[in-house]
Structure formats: C-alpha cells, structure tokens
Amino acid sequence: MLKLAVLVSGGGTNLQAIIDGIDNGSITNTKIAAVISNNKNAYALERARQHGILAVCISPKDYPDREAFYDALLGELERQQVDLVVLAGYLVVIPEKMIRRYRNRIINVHPSLIPAFCGTGFYGLKVHEQALARGVKVTGATVHFVDEGTDTGPIILQKAVTVKQGDTPKILQQRVMEQAEWQILPKAIDLIANGRVDVDKNQVILDGGKQKEETE
C-alpha cells in the first residue's frame with residue numbers, strides 16, 4: 001500500500017481528483033496518509049477533514065527561520081512514514097535535503113507541456129497568461145518527479161489540451177485542469193503504486209518502454 005502525503009496551498013482541486021480516484025478505484029493500492037498545507041486557510045485542508053484524512057498546517061510563519069520550517073515538514077513526512085510526496089499546487093520551494101531524502105519519491109503536476117512555460121515564476125494563472133500571450137495552439141499538463149531544479153525532473157506523463165479562440169487565462173486554466181491535470185496526476189500515482197514506473201538516467205520508464213505521452 002502506497003502511503004501519500006499531498007502538499008497543497010489552496011483549494012485542493014488536484015487533491016480532490018486523487019481522493020476521487022482512490023474512491024472510484026482508478027487509483028489502486030494507495031492511501032492518503034496526510035494532507036499538509038503551508039496555509040491554514042487552504043480549503044484543501046477542509047477537503048481532507050471531510051474525507052477523514054489527517055489535515056496538517058505547517059506554516060513558515062510559525063517557525064523562527066526557513067530551516068526550522070523545513071525540519072518540521074520533513075519531520076511530519078517521516079512521522080507518517082510516507083512513500084510518495086505529491087505536490088498538488090504547493091507554492092513552497094522544496095529544500096534540497098527533502099529532495100535527497102525522497103529522491104524520485106516526490107511528484108509535481110505542472111499546468112503546461114514541459115519544457116514550455118515552466119521554471120521560476122511560472123505557476124497558476126501566470127502559466128496560462130503566457131501561453132495565450134505566445135499564441136500557442138496546444139498546451140496541457142505534465143506530471144514529473146521533483147529534482148533540485150524548477151520543473152526539471154524526469155517526466156512521468158503529459159497530456160495535451162487544445163487552446164480555443166477567445167480563451168481567457170481562467171477558462172484555459174479550467175480546461176487544462178479538467179482535461180489533463182485531474183486525469184494524469186491520479187494515473188501517475190496509480191502507476192507508481194503498482195510498481196510500473198522506473199527512472200534510469202533522468203528518463204522515466206513506464207512498463208519497460210519510455211512512453212510518456214498520455215493518449216486518449
């Protein structure tokens with residue numbers, strides 16, 4: 001049984017997709033051990049409580065410095081004996097010591113087709129604003145392992161989404177969530193939970209082949 005910690009900062013729509021996936025059986029061999037937020041007002045914590053999942057706020061505001069905050073976060077992950085850390089809209093930079101401790105055991109969902117519109121400063125609506133400003137016809141989402149860079153870790157799954165005439169950043173954000181993020185994040189977790197993901201020289205191998213593009 002794969003034990004998850006889901007790290008969130010806001011509403012928790014990707015968390016909900018994971019909860020729903022476990023409930024409907026599309027994610028197997030998995031349980032959420034804890035939902036952790038840096039924001040005590042994050043609705044994601046309420047989503048966790050409503051489903052009987054441990055909800056924990058670990059905020060940097062409650063610690064004298066960043067190191068103490070990181071130590072508290074790591075301590076909670078270790079207390080829960082977590083196998084996989086899922087970043088689901090977590091707006092905190094992950095420290096190197098946590099990446100080392102959970103090498104290839106931290107995943108993130110990013111709302112673009114990496115390497116497009118990713119890296120420092122690209123998060124939330126900013127990603128979609130830039131995609132529209134560039135005039136791309138296709139965008140999407142990526143699930144990847146987290147390494148010491150920003151959005152540079154090995155890619156697990158990607159799914160493309162069409163950009164439509166008249167899209168606003170909010171409309172595009174919603175479509176990317178519905179058609180890509182909420183589909184490939186649960187699928188990636190299920191693959192990992194069932195031993196179907198390996199990493200070799202910064203490349204993800206799924207079921208023996210280097211297939212990373214999610215198809216309809």
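Buried means under 20% relative accessible area with a 1.4 Å probe, protein chains only.

The model is predicted: local features need pLDDT of at least 70 and side-chain atom pairs pLDDT 80 or more, while totals for chains, interfaces and linings use all residues. Residues are numbered from 1 along each chain as its sequence is written, and side-chain values use heavy atoms, without hydrogens or water.

## Sheet

Seven strands (DSSP runs of at least two E residues) form an open, mixed sheet in the order E3-E2-E1-E4-E5-E6-E7. Strands E3 (55–57) and E7 (155–162) are the edges, each pairing on one side only. Pairing requires at least two DSSP bridges; E1 and E2 are parallel over seven bridges, and Leu7 has Ile36 in E2 as its bridge partner.

## Helix H1

H1 (a DSSP run of at least four H or I residues) covers residues 13–24. Its buried residues are Asn14, Leu15, Gln16, Ala17, Ile18, Ile19 and Gly21. These pack against elements including E1 (2–8), E2 (30–37) and H6 (169–193). Val6 is in contact (heavy atoms within 4.5 Å) with residues including Leu15 and Ile18. After H1 comes Gly25, with a positive phi near 85°.

Notes. The expected span of a helix is 1.5 Å times one less than its number of residues. Buried means under 20% relative accessible area, exposed over 50%, partly exposed in between (1.4 Å probe, protein chains only). Lists of a residue's contacts leave out its neighbours within four places in sequence.
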